[in-house]
Amino acid sequence: MKPDPRPWALAGLTTAVVAIGIDVTILNVALPTIAADVAATTSDLQWIVNAYVLVFAGLLLPSGALADRYGRRRWLLAGLAVFGAGSLAAAWSGDAAQIIGARAVLGVGAAIIMPTTLASLAELFTGAARAKAVSVLVSGMGVGIPLGPVVGGYLIDHFWWGSIFLINLPIVAIAGLAVAAFVPESRDPAPPRPDPVGALLSTVGLVGFVYAVIEAPQRGWGAPQVVAALVASIGMLTAFVRWGLRRREPAIDLRLFGDRRFRWASINATLASFALFGLLFIAPPHLQVVLGFDALGTGLRLLPMVAGLVVGAGLATRAAARLGHRLPMVAGLLIAAAGLLLGAAGDTGTGYGQIATWYVVAGFGVGATLAPAMDAALAAMPPARSGAGIAVTMTMRQVGGALGVALLGSLLSQTYSWRLDTGDLPPAVAAAAEQSLTAATALDLAPLTTAAHAAYADAMAGVLLATAVVCVLGAAATAVLMPGPAARQGLAEPAGQHDAYYGPS
């Protein structure tokens with residue numbers, strides 16, 4: 001009997017998304033070193049981070065459509081090559097401008113890889129086997145994120161800052177070899193005509209929107225640059241929607257949202273990303289500045305969240321096979337809310353044991369939401385258009401993550417400034433301390449440091465409470481509006497041509 005190559009194919013696809021997860025967070029621990037070595041300004045550092053995010057978010061939609069048209073394996077291998085080239089360029093950059101350019105190239109590679117891995121997975125697996133494969137892929141995405149600070153902290157301590165980019169090369173090489181050897185080529189047999197207008201409108205609109213979301217916490221939501229970017233992006237995205245709905249064969253079919261399964265699966269994936277990325281934004285400063293752990297220690301102490309995510313994704317996948325997608329997603333959001341509420345009950349005296357507990361619970365809830373949500377989205381779309389379809393969900397996730405950082409970051413900053421007791425400090429000192437927790441502790445005034453820690457703990461509690469409310473509202477809406485029985489159809493679909501090729505699931 002011919003061995004089933006699909007596990008090896010899944011390993012290659014998962015390795016590819018692990019590389020992206022690591023790259024999302026590994027840079028953070030290296031920023032101070034990069035700033036000193038290449039004389040980067042604060043603005044330079046912001047763009048080193050944001051260039052990747054902007055390009056990634058803007059190119060997801062056209063990338064998914066191109067994968068369907070030109071072949072998913074070919075497109076995925078191209079994405080891995082671009083990601084590797086960007087990593088090599090970033091590692092050997094001599095100034096901030098070169099790093100920013102290389103990070104933009106990395107964003108191009110990531111935008112190709114993300115929707116194409118899931119679209120390839122939809123061609124490889126059907127039914128319950130697909131749900132399990134999605135669970136593995138989601139776990140890979142989650143594992144990479146906290147591994148970034150762990151790996152980055154070790155590399156910075158033992159090598160130079162460029163090593164944080166070079167670590168991508170063996171990962172993408174292994175993923176590329178597995179994809180080339182075990183993932184069959186697949187494409188849409190009857191792709192729609194090229195749609196350069198739709199691609200341009202979606203890309204410019206998404207880049208503008210994400211730019212506004214990124215800049216808002218620093219400049220303020222009423223800043224002219226932010227308002228102008230928001231207005232322009234909303235106009236472009238509105239034109240994109242109208243354009244797509246008028247075309248008989250749009251490259252990016254927004255009519256998918258007419259399917260309530262797809263619509264609520266995408267919404268749930270977005271809510272899970274909103275909670276996860278918001279949580280990963282506020283937790284590291286608490287661990288590093290309030291509790292005093294270094295970058296490596298902080299990364300290690302985030303691992304319980306990943307453990308919860310992996311276990312939650314696996315259990316929810318098995319539950320969805322019996323109960324449909326809706327119930328696990330609703331339960332996942334409620335469990336995530338419970339973990340967030342447990343975290344909101346803490347203060348500066350809370351020990352790491354209790355913190356790790358709520359990390360596990362919140363991570364479990366996010367994983368239990370995300371895995372069935374992604375599988376439900378895949379189940380709701382025709383396999384031939386899976387690249388363009390899943391790109392819509394992935395774009396919503398990316399925007400949800402950016403909104404989580406921006407909105408929750410703004411709430412955190414405002415609450416921290418409001419709760420910080422500066423006492424009789426000179427106005428200039430008080431103003432500096434109100435900028436951030438890091439700025440307050442850098443002043444090295446014991447009473448102020450204590451007050452800053454307390455203010456940050458209060459602010460974090462407010463953010464966790466707000467995120468819990470969002471999760472509860474999402475769970476309630478999903479329970480009422482997402483169809484239940486239809487969610488099971490994707491888990492019981494008959495074997496198709498790919499199962500005939502690979503053997504039964």
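## Contacts around Met 374

Two residues are in contact when heavy atoms lie within 4.5 Å. Skipping its neighbours within four places in sequence, Met 374 is in contact with Leu 118, Val 134, Val 138, Ala 269, Ile 390, Thr 393, Met 394 and Arg 397.

This is a predicted model, where local features need pLDDT of at least 70, side-chain atom pairs count only at pLDDT 80 or more, and totals for chains, interfaces and linings use all residues. Residues are numbered from 1 along each chain as its sequence is written, and side-chain values use heavy atoms, with hydrogens and water left out.

Helix H6 covers residues 127–158 (helices are DSSP runs of H or I, at least four residues, numbered from the N terminus). At Leu 147, H6 bends by about 40 degrees, with Pro 149 following within four residues (the bend is the angle between axes fitted to the seven residues ending there and the seven starting there).

H6 is largely enclosed by the rest of the structure, because 23 of its 32 residues are buried (under 20% relative accessible area, with exposed over 50% and partly exposed in between, using a 1.4 Å probe and protein chains only).

## Aromatic pairs

How many aromatic pairs turn up in a search of the whole structure? There are eight (ring centres of Phe, Tyr or Trp, the last by its six-membered ring, within 6.5 Å; planes under 30 degrees apart are stacked, over 60 edge-to-face, the rest tilted). Trp 92 and Trp 160 make a tilted pair, with centres 5.2 Å apart and planes at 40 degrees.

Trp 92 counts as exposed, at 59% relative accessibility, while Trp 160, at 36%, is partly exposed. Trp 358 and Tyr 359 pair up edge-to-face, 4.8 Å centre to centre with 75 degrees between the planes, and both are buried.

How values were computed:
Helix = DSSP H or I, 4+ residues; strand = E, 2+ residues; numbered from the N terminus. Expected span 1.5 Å × (residues − 1).
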